[in-house]
Structures are given as C-alpha cells and as structure tokens.
Amino acid sequence: MSTHKITTQKVNFKVFRFNADEDYLPYYEDYNMEVTSEEVVLDVLNRIKWDHDGSFSYRRSCRHGICGACAIKVNGRSTLACKERMNDMIDLFGPELTLEPLSIKRAVKDMIIDKGDFWEKHEAIHPYLISDVQEHPEHEHLVTPEEAEELLEADLCIQCGACHYACPVVEINDDFFGPAAFAKAYRFEADVRDEARNERLQELHEEKQGLWDCVKCFECAEACPKDVNPIDKITKLHQMLFKEGIATSNVATRHAVAFKHSIAKFGVLDEGGMVLYSERLAIVKHVPLALKMFVKGKIVPPWKIVKSKNLDEIQKLVKSSSTAKF
Amino acid sequence: MKKLKYALFTGCTAKQSTPEQMMSTLAVADKLGIELVELTEASCCGASHLQDYDDFLSLVLNARNIAYAEKHGLTMVTICNTCQLNTAMTKHRLDNNAELKARVNEKLGEVGLEYKGTSNIIHFLYAIIDDIGLDKIKEMVVKPLSQFNIAPFYGCHNIRPSELQNETHKTPENPYNPRSLDDLIIACGGMNVDYEEKNKCCGFHVELQAPHTSAVLAGKAVAGAMDGNADWMVTPCPLCHLKLDTQTNHLSEAVGREVALPVLHMQQMLGLALGCTNEQLGFKHHIEKVNFV
C-alpha cells in the first residue's frame, strides 16, 4: 500500500468558452475548485461539466494516453489532459490556470476544435505503407529488431495534435505540413518495407509546405506527450533528402551545404559568403541591409576573417569525416 | 572565492555580425572577475544547418571543439544559444553512445585529439547564475537599471529541448515559464516585462528560405514587448539579436504595424548595471539606436 498522502489545493481556472453556433466572440469563465494531488487535467474538465455546467464541451475517450482525443492547452502549453497531473501544472504555473483549446482560431465549441487541417496534412504525406505485397507470399516478411529500431519510436504517435498546434510555422503558413505529419512521414520513410520512399521525400522537399520551412524551435519536441521528438525526425528527413539525391539546389539546401564549404575554408563562418552562396543572384535583395550593417561594423570582408587556429586539422577532418554529397 | 575560469567558445557571430556581443562579454567577465580562455582553435558549430546535411561531420567538428576545452581542463562557456544547443547535443549523444563516441574519436585521433566527455558545456547566462549567483550579482550592481522596463527574450535553443538544457546547469529552467533572464533583469535593478512571446521563436533559422514566416515571428516578439510597455529587449542569443535588431522595417511590414525597440545582449545589460562604459559595451554597433544610455 502506498503511504502517499493526498493533498488538496485551491485553483482558479479561467476557461475558454465558445459556441460557434451561438456566440459572436469567445469569452472566459472562472471556476474556483479544490484540486487533489491525485487528479489529472481531464478530471478537472469532467468536474467542470458534471458539477458546474453540463454544456461544457471537450473531447475524451480512452483516458489512458492512447486515443489522443483530449489534448488541450494549459497556460499556452499543449497538454494531453488525461496524462498531465494537476500537481505538475500547479508547480509549473501556480494556482491560476487558463484552459484553452489547442487552437483558438479553430475552436468549434469550448475545448473542441476543427482538426481538419491536421488530418489534411496527415493525409497528404501518404501515412501508410506503400508496397507491392504479394497476395500469397511464400513466407512472412520479417523485419529485424535493428530495422524496427530505425523508426526511432515515430510509430508511437497518437495523433493528438499537441505538436501541430504548438508549431509556430503552422500558425503562420497554411501550407506547412507541420511536425506531426513529418514525424509520420519519417515513420514510413524509415520502414524497410516501404517502396514509395522517393515520391514521399519529393513532396517533403517542396518549398513552403516542406521540411525546409521548419524554424528549429523545438516546440514540437517539448509538446509531445509520447516523446516522439518530431524535430529529430525532421532533421533525419533532411539528411535523407541529401542521401537519396532528392535534394535539389535551392536556397535552403545551398544554405545547409554552405556551412561545410565555409568551415573547410575558414574553420568559422564567412557570413557574407554564405548568404551569397545560398542566395546566388537573389543576394541583391539583401544589399540595403548589408550596407546598413557594414556601416555599423557588422560585416567582415572575407580577407579579414580570423580563421580558426589549427585550420589544417579542421580541413583534414572535413575530408575524412564527410558522409554526405551534394 | 577561487577565481572563476572558463573556456570560451565564442561562436561565429561574435567575431563578425555582433562584435558588440564579444566586447560586452569580455567587459562583463572582467567586472565579475571571470577569466576566459578563448578557444581560438574552435570551428563553427554547424548552427543546426550542417546537421541537416552531414550529421556525422557535425559531430566530429563539435567534438573537436569540446576536446580543446577538455585539454584546458575547463568548463566550456557558450555565448550563443545555437552554439549551446549543438555543442551540448553533441556531448549528450557521445556520452550516451559508446559506439558513436568511438567512431568520432577514431576520426579525431587522425589529428591527435580525443573527446573524453570531461568538460561541462554551459551558456554564459547560466554559468554566472550557477557559479556566481544572482544575490552576489545584485550586490555588485553599481548602476541599477531601475528606470527601465525590460523585456526578456529567451531564444529557443537555451530553453528547448529542456531535458538537454537542464543537464547543463544546476538551476532548472522550464521552457513554458522560464525565469533566468527575468531574474537577471531583477538582479540588475530593472523591471521585467512579462509578455507572451518571451519564450517563443525569433524565426532566424528560416530567414533565407521563408522570409515571411521569419519576419512575422520576430515582428510579433517586438510587438509583444512594446505592448508590454518595454523600453527595450534583452536576449542571451546573438542570432535572436540579429533578427530583432537589424531588420525592423521587414518586421513592421510583416506584422502590419511599426515595431522597433533597442535590443541588448544579456552581457550588455549586465555590463550597464555593473558600470561598464558605453564604449566597452559596443552600442555603436547596433542598428536600432540604443538611445537611452
């Protein structure tokens, strides 16, 4: 028997309320409740509905962190309501907590959002195994444990949307596939049985929707309740683009490759040279800013760059340790 | 107290596009009695972009940088969030994967180096909080910044991924409710401004391929700080600084309103409070005029 003592604490919940059928604007309602150390966020949602207002709406199903239905935001943090302990939320944010849907602009009723954009992106990356499977195979198609490990647990995704609606790029760029779709794409790209590799990669390489618009903020890694670490998969997909020869020359791919050239030449970056290599003729658009920066002593011409000491070591390592080609 | 001594990994911008960051780091270290041994042998960390192209090469190069800090037997201090991320990430991966570490060391062996894993890697902000302490810093303040509302801008790569970053310093930081920079502002006598974007992304890393996304993110950050009645912003990251300080016309266009604030490096803010001169802190290198000092 656990000797753990149950404690209670007063919390003021500020809860997002909105009914798209009736309300012109959303509003926030306050609920003061005693919360016990045994409760999770979903218990609080249940109590708001059962004890305070039966019209309060939210999605829930399994309450075991598997179905992915109950993700909401607590003080702006994506949270799987059935998994997150109230005590941890209070430790993190104090006794004033704001409960909101994953995306306010997609709110339909209270915590319920229209997740259509999430599923559309999910669908777009062909989230299934594409393989010419024999109808009557002579033996089973075995995948070794080592090959299965290559998925890096991307298959644990429960499609709750926590990362998708935590992604700042999704918020700005409607075309961007978003971290969940990328993690799912990786799940199949890394699967040895999948035969659609290059076609899928091709779509992931496209500008605006694709991998190159990721801002590298790690919000997705932080938000994921299953530790799928979507940005790690995004990085892996970037590397695959080069490895499979899908990466064509564009400003983003040249930018990545420019680091290697600059390091081989100077050890450090040649910042100006790198922008030139990445942008090519489009560099003209950066000229006004470059002039401003030059006046302020922020631009060092290539001949004045202080190279790394022992540059020969770096050059030797760049030669011997390179694993990618472009 | 024993004199603090660190190996300084300057990163690339400190030597090029943000010279004021280098100057203020040295000035502040002097005031705080910290000895910095600059790792002049270090290469670029790859800035998360080389990592998209050639992961193994980036590991080897970062391990080489760390190996030089280890040779000095010193903790490596970074002054750029992205350098911190890539260096600490390399250490984390090598320390937790003996096979990978052996492969990297095989390469380093070709140039007579070895990565051991003996040096901690910590951003300057957390180094001074851990090793000197905010109370002590507060005592050392000679010019409290009491007339200023200061908006902290944390920068992604110092606070996320939190599991990695919290391995590097003693005072845990929560990426959803970070405190370190707010606490440093308070220690300097300033008023910390709370605003939604303080722990959000500045968009620097997609400036070339997605200029609109990048400008909206940075524009919203400056707008948030302005709406919080900030007199200026402060950041521990030179890349955030470049994004927030150098192109306010783009940012204004992207968010549909005039946004501009002076943006200080965390070392400059601390330097002001500790009594460094404007010349030492390099304010002349800013694009947005630092017009209050």
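H3(B) and H4(B) sit roughly perpendicular to each other, because their axes cross at roughly 95° and anything from 65 to 115 degrees gets that label. Keep in mind that this is a predicted model. The two axes come within 9 Å. On the H3(B) side, the contact uses Leu59(B), Asn62(B), Ala63(B), Asn65(B) and Ile66(B). H4(B) answers with Asn86(B), Thr87(B), Thr90(B), Lys91(B), Arg93(B) and Leu94(B). Sorted by class, that contact has 4 nonpolar, 5 polar and 2 charged residues.

H3(B) also has a partner in the other chain. Helix H13 of chain A, residues 311–321, meets H3(B), residues 55–72, with the axes coming within 9 Å and crossing at roughly 150°. An angle over 145 degrees counts as roughly antiparallel, so that is the word for H13(A) and H3(B). Their crossing is right-handed. From H13(A) come Leu317(A), Val318(A) and Ser321(A), and from H3(B) come Phe56(B), Leu57(B), Val60(B), Leu61(B) and Arg64(B). Here the class count is 6 nonpolar, 1 polar and 1 charged.

Now for the interface as a whole. In total, 59 residues of chain A are in contact with 52 residues of chain B. Several helices of chain A give two or more residues to that side, among them H2 (86–93), H9 (230–243), H12 (287–295) and H13. The largest share comes from H10(A), with 9 residues. By class, the chain A side splits into 28 nonpolar, 17 polar and 14 charged residues.

On to the inside. In soluble globular proteins, nonpolar side chains tend to be buried together. The largest nonpolar core in this model has 183 residues, and the members touching the most others are Ala81(A), Ile150(B) and Val234(B). H3(B) turns up again here, as it gives the most to this core, with 9 residues. What does Val234(B) contact, leaving aside its neighbours within four places in sequence? The set is Ile150(B), Pro152(B), Phe153(B), Leu181(B), Ile185(B), Leu264(B), Met266(B) and Met269(B).

Most residues other than glycine have a negative phi, and most peptide bonds are trans. Arg160(B) and Pro161(B) are joined by a cis peptide bond, with omega about -10°. Pro161(B) is in the loop between helix H8 (156–159) and helix H9 (162–168) of chain B.

In chain A, Lys208(A) has a positive phi of about 75° although it is not a glycine. You'll find Lys208(A) in the loop between H7 (197–205) and H8 of chain A. Is Lys208(A) exposed or partly exposed? Lys208(A) has 15 C-beta neighbours inside 10 Å, so it counts as partly exposed. Arg280(A) also has a positive phi, near 55°, and is a residue other than glycine. Arg280(A) lies in the loop between H11 and H12 of chain A. Because Arg280(A) has 10 C-beta neighbours inside 10 Å, and 12 or fewer is the cut-off, Arg280(A) counts as exposed.

Note on methods:
Residues are numbered from 1 along each chain as its sequence is written. Chains are lettered from A and ligands numbered from 1 in the order in which they are written. This is a predicted model: local features need pLDDT of at least 70, side-chain atom pairs count only at pLDDT 80 or more; totals for chains, interfaces and linings use all residues. Axes are lines fitted to C-alpha atoms, for helices over the stretch in contact, and angles run from 0 to 180 degrees between N-to-C directions. Helices (H or I, at least four residues) and strands (E, at least two) are DSSP runs, numbered from the N terminus. Angles under 35 degrees count as roughly parallel, over 145 as roughly antiparallel, 65 to 115 as roughly perpendicular and the rest as oblique. A crossing is left-handed if the near helix is turned anticlockwise from the far one by less than a right angle, and right-handed if clockwise. Two residues are in contact if their C-beta atoms, placed from the backbone, lie within 7 Å. Ala, Val, Leu, Ile, Met, Phe, Trp, Tyr, Cys and Pro count as nonpolar, Asp, Glu, Lys and Arg as charged, and the others, Gly among them, as polar. A nonpolar core is a set of buried Ala, Val, Leu, Ile, Met, Phe, Trp, Tyr and Cys residues joined through C-beta atoms within 7 Å. A residue is buried if 20 or more other C-beta atoms lie within 10 Å of its own, exposed if 12 or fewer, and partly exposed in between; C-beta atoms are placed from the backbone.
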